[in-house]
Amino acid sequence: MTRHSAILTNLLLSLPLAAGLLCAAPNASAQTTASVTIPFAFSANHQQVAAGSYQVQLLSDRFLSLRDTKTAKTQIVMVRPEPGRVIEAQGRLVFHRYGSRNYLMQVWLAGTNKHSELVVRPTLEQKLTKNIPAAGSSFEVALK
């Protein structure tokens, strides 16, 4: 009986520790979240996104969430992880402008050496839209 009570005591003492470790896992992923204010409308994987303030969260290696902080509307876009050489001190979003349209192309999160490329590229839209030059320009918006 003493052996069984010792096992039960060990189990009861280990459960809170295991639960604490499991609860800490979501907090570790909090580093994949950032805030940003984007003053222009843009396209992300053929989804139109209005200008506004957003919470950007990397849900996994393959999915990124853009949540409008005013309306709580969330858009999920597919991304592809790409390794970098240095750990980023400041996160940023990289956009390309073709004519009058803006396209989200990359997401760089602070504290990592990886960035995410959006899976769908705007090349098809470029071909379908008239009066858009072949070469566009790139610009960045800093994450908070």
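Leu64 stands opposite Val77 in strand 6. The model that shows this is a predicted one. Strand 5 and strand 6 are antiparallel and pair over five bridges. The two strands form a hairpin with five residues between them, and Ala72 in that turn has a positive phi of about 65°.

Strand 5 also pairs with strand 4, again in the antiparallel sense, through five bridges. One of the residue pairings here involves Gln57, whose bridge partner in strand 5 is Ser65. Strand 4 and strand 5 form a hairpin too, with four residues between them.

## The nonpolar core

The largest nonpolar core has 21 residues, and the members that touch the most others are Phe42, Leu66 and Leu104. Several strands give two or more residues to this core: strand 1 (33-38), strand 2, strand 4 (52-58), strand 5 (63-68), strand 6 (74-83), strand 7 and strand 8 (101-108). As a general point, nonpolar side chains in soluble globular proteins tend to be buried together.

Which residues does Phe42 contact, leaving aside its neighbours within four places in sequence? They are Gln47, Gln48, Val49, Ala50, Leu66, Phe95, Asn102 and Leu104. Two of these, Leu66 and Leu104, were named above with Phe42 for touching the most other core members.

## Aromatic rings

Across the whole structure, a search finds four aromatic pairs. One of them joins Phe42 and Phe95, with 5.2 Å from centre to centre and 75° between the planes, an edge-to-face arrangement. This pair links distant parts of the chain, since Phe42 is in strand 2 (residues 42-44) and Phe95 is in strand 7 (residues 92-98), 53 residues apart.

Are Phe42 and Phe95 buried or exposed? Both are buried. Phe42 and Phe95 also belong to one aromatic cluster, together with Phe40 and Tyr54.

A further ring has a charge over it: the charged end of Arg92 sits over the ring of Trp108, 4.3 Å from the ring centre.

## Leu93 in strand 7

Strand 7 contains Leu93. Leu93 counts as buried because its relative accessible area is 0%, and the cut-off for buried is under 20%. Along the chain, Leu93 and Ser116 are 23 residues apart, while their C-alpha atoms are separated by 9.7 Å.

Methods
Residues are numbered from 1 along each chain as its sequence is written. This is a predicted model: local features need pLDDT of at least 70, side-chain atom pairs count only at pLDDT 80 or more; totals for chains, interfaces and linings use all residues. Side-chain values use heavy atoms; hydrogens and water are left out. Rings of Phe, Tyr and Trp (its six-membered ring) pair if their centres lie within 6.5 Å; planes under 30 degrees apart count as stacked, over 60 as edge-to-face and the rest as tilted. Buried means under 20% relative accessible area, exposed over 50%, partly exposed in between (1.4 Å probe, protein chains only). A charge sits over a ring if NZ of Lys or CZ of Arg is within 6 Å of the ring centre and within 35 degrees of the ring normal. A nonpolar core is a set of buried Ala, Val, Leu, Ile, Met, Phe, Trp, Tyr and Cys residues joined through side-chain atoms within 4.5 Å. Contact means heavy atoms within 4.5 Å. Two strands pair if DSSP finds at least two bridges between them.
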